[in-house]
Amino acid sequence: MPDSQPQPPHSPSPSGPADRGKLLLSGARLTDGRTVDVRLHGRRIEAVGTAGSLTAARTPGSGTRVDLTGYLLLPAPAEPHVHGDTALTADTPGPVSYDPLDVQRRATEAVLLQLGHGATALRAHVRVGDVPGLGALTAVLRARRSLRGLAELTAVAMPRVLTGVAGADGLAMLREAVKMGAEVVGGCPDLDPDPTGYTEAVLEVAAEHGCPVDLHTDAADPARLARLAAMAGGLRPGVTLGPCDGLGRLPADAASRAADQLASAGVTVVCLPQGACGAVDHRDGTAPVRLLRAAGVRVAAGSGALRDVSNPVGRGDPLEAAYLLASRHGLRPEDAYDAVSAAPRAALGLPEVRVEAGFPAELLAVRGDRLAGALSLAYSRIVVHRGRVVARTSAVREYGDSTTGKDLGLPRQGRGARKGPSGPGEAS
């Protein structure tokens, strides 16, 4: 692949100083083996050149330089399935608090944790109606505003019941949630007495407002899933289902037919390799990803529960999700990483990211020189959102004094001197 040519300067974004100026990422390795310099301007990649070519062209005051020697540079992950309103509640005594301030604090902390892992765009599923009313959604929308410039957060409104007499209030609240700012309508049809009626109600509201749909289902009922796929077909902006782990418990021929139906309907499936969430009954949130991909279904991987009662040890790490898809489900590292980056970005309606000129400056630098190694030991990370560094995680590994490594010519890792603002300088 040839170097990307410099692009015309972009105007500063209206977000303010955070988006102005240039950032030079020097000495980064790409997945194709090249070592390059990458120059960012505003929210986009302005140029990509061979290592040293853009560094030499720098002029004083032209921007900030980050030395990425020893780092693999990737498109940033996107997180399609989080529950910010219940995140980080595993150790809470008694019922989960839905006080708006508590929810806002938890949602903000959860986003920052996942931003540190590399996710610069996240979709949060938020419960509306019954106990939380619209308070949890209000809190998540406040968190979204406070996080602007650090990460891009969107909200899915999740009512519990939408059919019958009991569902009238839920339906009214769902419409109100969209007016408040929820960009996606969703929920869990499996928990409604009339799952098909629930799905019809969600799709109707989505069509009224031109919203995407994101539904929780284990997809264990082939007939119900076939009806859902038929109703979803042709809906734009699109339909996402997850975790669909019930597909893996179906007979092979039934699962294959279901995968073909989802592919024909253009439905995206979000699996949860790190554990399911409380909206479904089963804790294994991983759908049969190879079957789905072979049928032509877009498969993305999300986090699911993040240290709540459904998964008290949830990490919310996209690279761990990719690692599990590679180690447990046999995906190539490149395909596994696609499931936490390109696939969820497409499902979220976000533009494609490549490390090429003209593409959005949404990037993740991971210590390592190959993707497989990065998925295995992704400790040190540098996260770029809208053309600026928004998070750093530095890890140092040290060993006791020994001549073994030296005698065998093994690389040693120690506490390297930091290089100041021009580079990370840590070892890991």
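In the predicted model, two cavities of 30 Å³ or more are counted. The largest cavity holds about 80 Å³ of space. Its lining is made up of 14 residues, and those nearest the centre of the largest cavity are Val82, His83, Gly84, Ala110 and Gln114. Two elements, α2 (100-117) and β7 (121-128), each contribute at least two residues to this lining. The greatest share comes from α2, which supplies four residues. By residue class, the lining of the largest cavity consists of ten nonpolar and four polar residues, with no charged residues.

Strand β7 also contains His125. With a relative accessible area of 0%, His125 is buried, because residues under 20% are placed in that class. Beyond its neighbours within four places in sequence, His125 is in contact with Pro80, His81, Val82, His83, Asp85, Val156, Met158, Asp214 and His216. Two of these contact partners, Val82 and His83, are also listed among the residues nearest the centre of the largest cavity.

At the level of the whole protein, the model has 13 helices and 16 strands. Of its 428 residues, 54% count as buried. Among contacts in the protein with a separation of 6 or more, 73% are between residues 24 or more positions apart.

The largest nonpolar core comprises 83 residues, of which Val213, Leu241, Leu247, Leu262 and Leu292 touch the most other members. Apart from this core lies another, of 20 residues, which includes Leu30, Val66, Leu68 and Leu363.

Strand β11 spans residues 239-243 and contains Pro243. The peptide bond that joins Gly242 to Pro243 is cis, with omega at about 0 degrees.

Arg381 is located in strand β15, which covers residues 381-385. Although arginine counts as a charged residue, Arg381 is buried, with a relative accessible area of 5%. This value is under 20%, and Arg381 is therefore assigned to the buried class. The side chain of Arg381 reaches the backbone oxygen of Ala378 at 2.8 Å. When neighbours within four places in sequence are left aside, the residues in contact with Arg381 are Gly116, His117, Asp317, Leu319, Leu364, Ala365, Ala391, Arg392 and Thr393. Of these, Gly116 and His117 fall within the range of α2 (100-117), while Ala391, Arg392 and Thr393 fall within that of β16 (388-393).

Positive phi values in residues other than glycine are found at Arg307 and at Arg386. For Arg307, phi is near 55 degrees. Arg307 belongs to the loop between β13 (298-301) and α9 (318-329). Its relative accessible area is 36%, so Arg307 is classed as partly exposed, between the 20% and 50% limits. For Arg386, phi is likewise near 55 degrees. Arg386 is placed in the loop between β15 and β16. In contrast to Arg307, which is partly exposed, Arg386 is buried, with a relative accessible area of 13%.

Terms used. Residues are numbered from 1 along each chain as its sequence is written. This is a predicted model: local features need pLDDT of at least 70, side-chain atom pairs count only at pLDDT 80 or more; totals for chains, interfaces and linings use all residues. Side-chain values use heavy atoms; hydrogens and water are left out. Buried means under 20% relative accessible area, exposed over 50%, partly exposed in between (1.4 Å probe, protein chains only). A polar contact is a pair of N or O atoms within 3.5 Å; within protein, one must be able to donate a hydrogen and the other to accept it, and residues adjacent in sequence count only if both atoms are side-chain atoms. Contact means heavy atoms within 4.5 Å. On a 1 Å grid over the protein atoms alone, a cavity is a set of points where a 1.4 Å probe fits but cannot get out, and a pocket is an open set with protein on both sides within 12 Å along at least five of seven lines; lining residues have an atom within 4 Å of a point. Grid points are joined across faces, edges and corners, and a volume is the space filled by probe spheres set on the points. A nonpolar core is a set of buried Ala, Val, Leu, Ile, Met, Phe, Trp, Tyr and Cys residues joined through side-chain atoms within 4.5 Å.
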